[in-house]
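Hi everyone, thanks for coming. I'd like to walk you through two interfaces, so please have a look at the screen.

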Amino acid sequence: MQNGHNMQPILEARNLTKHFTAGNALSKQVVRAVENASLQLYPGRVTALVGESGSGKSTIARMLVRMYEPTSGELIYHGRNCLLEKGRRELLSYRSQVQMIFQDPFSSLNPVRRVRDVLERPLHIHGKARRGKVREQIYELLHRVSLTPVEEFADKYPHQLSGGQRQRVAIARALAVEPKVILADEPVSMLDVSIRMGILNLMAKLRDDEGIAFLYVTHDIASARYFADETLVMYAGRIVEGSTSEELIQDPKHPYTQLLLSSVPDPAKGLRTGAARADKGEVPDLAAVGNGCPFAPRCPHVMDICRQAMPPVTPLNDDRWVRCYLYEPVPEAVAARN
Amino acid sequence: MTTQTVERARAYDTTRALLKVSNLEVEYWTRRGVVRAVDGVSFEIYPNEVFGLAGESGCGKSTIAHAITRLLKPPAYIVGGEATFDGADILRMDEDKLRGFRWEHIAIVFQSAMNSLNPVLSIREQITDVIQMHRQVSKKEATERARELLQVVGIDPSRINSYPHQLSGGMRQRVVIAIALALNPELIIMDEPTTALDVVVQKQIIDEIRELKERFGFSILFITHDLSLLVEFSDRIGIMYAGEIIETAPSREVFTNPKHPYTQRLMNSFPTISGPRQALLGIPGSPPDLITPPTGCRFHPRCPVMIQGLCPQVHPELMAVSASHRAACHLVAEEAADYAKRA
């Protein structure tokens, strides 16, 4: 959980936990959606959060944007624990720094509003509208997301736009409040293949040119390799491994990451069978996960200790860590540095 | 040009096709106008082959699956073309014959099929229903067969009395595959069979389907928008754009040596987990509205190598550039002519 690039995180989650209570008064069940998640987002860097459906990755994003109140943990923005600041004004100010983009550009835009209205609203709400300049501000936003000619796009309604164009409007809307952090929850998974790269490339440009910090929530680890500087892997509510994206793909450490990567179709390698064959296990019920490693029931390397307690974070080098007993004990040289 | 194409296609068509689709045309008659969802599509599927059909949403790939099983519902209508299965004319079969034909010869696993199981019937009832509808067997024999089928798709037969909600998504999808296998069909159409599943479960199911195919020797029409999966799993691929098949070739060749500019761009549109990490461009623009498709080549408004005066006016036919590779692009005309001379 360190970084080799000597930067202060702009947004940091420390041991964020979210429990949902399910069932009725007679049989209450606690669903441990996210357990002790820690991550850092840095200016000008993309961090990917990769996991399968129900792994808790969207819940983390929703806690980071303060849509969900964490059960416990801290959320540090610019050095301040902002979970303690609960007032409407503080929340508004937080949201003008930390914006979210959703998966479905078809439902996230109001169908009866023109693009110019969609973009004008946040300018007023967050006090970013400049007197007599609003039209130029809108055109500039459209220009930044490459929806040109801008005059033409400003007058369109969402139904007149393709999925990719709508997602660009959603990005422009997020940019309207001049955020420092953008949380993108599966921003391309509903788009056609030919459109996806345009959106990821646009976000990469915003990262590089404007220094925006991104959290990229996705189930597609290949796209994380493409877009994210760093990748975190989630399994059943826990972040189990963190690494620079390329290193993670080349040399996955956690047995779950290994299983995940061996399951991803890879046209460049041609047919491979049997990789995931031994694994018949399925993701555990989050209400039934015990105190041990949630992957233990499926893990080919499982040991007794794995069922008893969640492994601690083991740093492997400056850019990598893993939560797995296979990598314990901590090499002394690394431990000394931490 | 059309007659030439037919000539070449015949030269290529040396083995016996199990399914042969020729010039299939399907229209949706909507209030906004007539949508030509499938426009003159031809392809064949050979015994024991996985033929993959790929394209962006709305390109017509699922409509083809529904058309060749005669499951299209108004406002969709087949307005032209032929589809024959082992010589039998599917498009002109009466309802009676069709009922016997589906499941017996062509089985179907549709998108989100795992949600298509009847929630109030047990797994046993759902499998035995299909068997007893088509075969004169006792309930006991049908149940025995159902147990076998569950075993085959990797589900413990002791779960035969489970209801769908008691099974995970992956297991439900296996049940649907078991039902498809029930009558030993020669062709199984799989339309996005693993789209709703996580990647680990997807891998398990794809591996299983592959083994079942080797064991029972059926063919698969595999439809997906996931190009990585398509290339990995298919023997041969047809790439669709705006209602037409614009390229067909063995899957390795589609990935490593695509001929059509759309395929070339498409294969450079998705990141993979191996190989160099390089800039990927995607394709500017969006697929066209099929009520008023572009004139000439339908891809010309998005094409980076469009030829003025030709592509916007003249519609390119599918031309063979080798025994197994066809593309519908004016740029391959020369290569196709060379091949025609040699062949």
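How many salt bridges does the rule find across the interface of domain 1 of chain B and domain 2 of chain B? The rule finds two, where a salt bridge is a side-chain nitrogen of Lys or Arg within 4 Å of a carboxyl oxygen of Asp or Glu. The side chains of B:R174 and B:E208 meet in a salt bridge, at 2.8 Å from N to O.

A quick word on what you are seeing. This is a predicted model, in which local features need pLDDT of at least 70 and side-chain atom pairs count only at pLDDT 80 or more, while totals for chains, interfaces and linings use all residues. Residues are numbered from 1 along each chain as its sequence is written, chains are lettered from A and ligands numbered from 1 in the order in which they are written, and side-chain values use heavy atoms, with hydrogens and water left out.

Now, the domains themselves. In chain B, domain 1 covers 2-105 + 185-272 + 281-342 and domain 2 covers 114-184; these bounds come from an automatic or database domain assignment. Their centres, taken over C-alpha atoms, are 31 Å apart. Domain 1 of chain B brings 21 residues to the contact and domain 2 of chain B brings 16, with contact meaning heavy atoms within 4.5 Å.

Together these domains bury about 1,500 Å², and carbon and sulfur atoms give 67% of that. Buried area here is the accessible area (1.4 Å probe) that two parts lose on being put together, summed over both. On the domain 1 side, B:W103, B:E104 and B:P185 supply 35% of the buried area, more than any other three residues.

Let's move on to the two chains. Chain B gives 45 residues to the contact and chain A gives 43. Between them, the chains bury about 3,700 Å², with 53% of it on carbon and sulfur atoms. In chain B, the residues losing the most area to chain A are B:E232, B:I273 and B:R277, together 21% of what that side buries.

And which residues form a salt bridge here, with the closest N and O atoms 3.9 Å apart? They are A:E246 and B:R277, and the count between chain B and chain A is one salt bridge.

So that's the tour: two salt bridges between the domains of chain B, and one between the chains.
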